[in-house]
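Here is a protein model to go through by question and answer. Each answer sets a value against its definition.

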Amino acid sequence: MHPPKPAEEPEEFVLLRFDHWRVNVLMPPLLLGLAWLVNHSPLKALLTGFHVWMHEFGHSTAAWITGRRATPLPFGWTPIEPEFSPFVYFGVLALLAVLFWAGWKERKVWPMLIAVVLAVVQFIMTWQLPLHRQEFWWTFCGVGGEFYLSALMMAFFFVQLPEKFRWGACRYVFFLIGATCFLHIVEFWNLVHNGDEAIPMGSLVNGEDDEGGDMNTLLNLYGWKYHQIRNTYQYLGYWCWAVLGAVYVGFALRLNAVADWVAGKFQKEEA
């Protein structure tokens with residue numbers, strides 16, 4: 001008698017695959033278009049909480065990367081402790097080490113690259129910048145985080161994270177949420193830049209008269225001018241679009257497969 005043949009594993013659903021060329025080319029524009037439709041429909045009101053929280057996470061990520069405790073509260077306030085916290089600094093570094101190790105184990109170059117880049121940024125911002133410059137980034141990265149965090153959520157659609165992250169399906173949800181936030185903040189600051197909207201002064205919690213608001217702090221404490229604020233956030237949106245375009249083209253041309261092949265080849269030689 002012949003031994004029974006091992007059962008073949010079912011083929012992964014096409015939309016969950018990272019190596020499918022049509023998924024990488026077609027799905028991001030479709031999701032971006034869906035996000036635009038959502039932003040221009042009554043459903044937009046349901047997304048306000050995500051936009052506020054993205055702003056608070058912008059403050060928090062800048063604080064965490066410099067080793068400070070911060071809590072991004074969803075109602076428009078992020079308390080940041082000015083004292084350096086070794087627990088936060090080395091906790092973030094440990095998480096980056098886990099990400100690097102998981103990427104190395106599964107021969108995925110992008111998690112390793114992301115971990116290394118963030119570790120370098122963490123080192124520079126914590127040990128190379130004086131406190132007043134760190135505090136500047138805590139302020140700037142509120143609105144700034146609405147740009148770069150939402151753009152990262154979109155860019156991570158293409159990145160094949162280690163299996164334990166279950167990223168195949170979750171990336172669609174993250175892309176859609178990130179896209180709605182990104183399109184919202186880009187459109188708003190386009191209006192500000194063109195003079196159709198005013199620079200948002202004050203804070204969400206204490207109102208427009210709050211002198212501790214982000215824009216108030218940039219103007220009064222750091223000496224920024226109104227045109228500097230308008231131009232900086234406008235061009236931050238342009239840079240985010242440029243990075244997203246480069247990521248899209250790179251994965252559409254399957255340059256990611258070349259990077260993974262090089263990483264796998266290097267690991268085999270090391271072994």
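Q: What makes the second largest pocket a pocket, and what is its volume?
A: The second largest pocket has a volume of about 970 Å³, the space filled by probe spheres set on grid points joined across faces, edges and corners. A pocket is an open set of points on a 1 Å grid over the protein atoms alone, where a 1.4 Å probe fits, with protein on both sides within 12 Å along at least five of seven lines. The model is predicted: local features need pLDDT of at least 70, side-chain atom pairs 80 or more, while totals for chains, interfaces and linings use all residues. Residues are numbered from 1 along each chain, and side-chain values use heavy atoms, without hydrogens and water.

Q: Which residues line the second largest pocket nearest its centre?
A: His55, Gly202, Ser203, Leu204 and Asp214, out of 36 lining residues. Lining means an atom within 4 Å of a point.

Q: How do the lining residues of the second largest pocket divide into nonpolar, polar and charged?
A: There are 15 nonpolar, 15 polar and 6 charged. Asp, Glu, Lys and Arg count as charged; Ala, Val, Leu, Ile, Met, Phe, Trp, Tyr, Cys and Pro as nonpolar; the others, Gly among them, as polar.

Q: Why is threonine 66 called buried?
A: Its relative accessible area is 0%. Buried means under 20% (1.4 Å probe, protein chains only), so threonine 66 qualifies.

Q: What makes the pair of threonine 66 and tryptophan 138 a polar contact?
A: Their side chains lie 3.1 Å apart in that contact. The cut-off is N or O atoms within 3.5 Å, one able to donate a hydrogen and the other to accept it.

Terms used. Buried means under 20% relative accessible area, exposed over 50%, partly exposed in between (1.4 Å probe, protein chains only).
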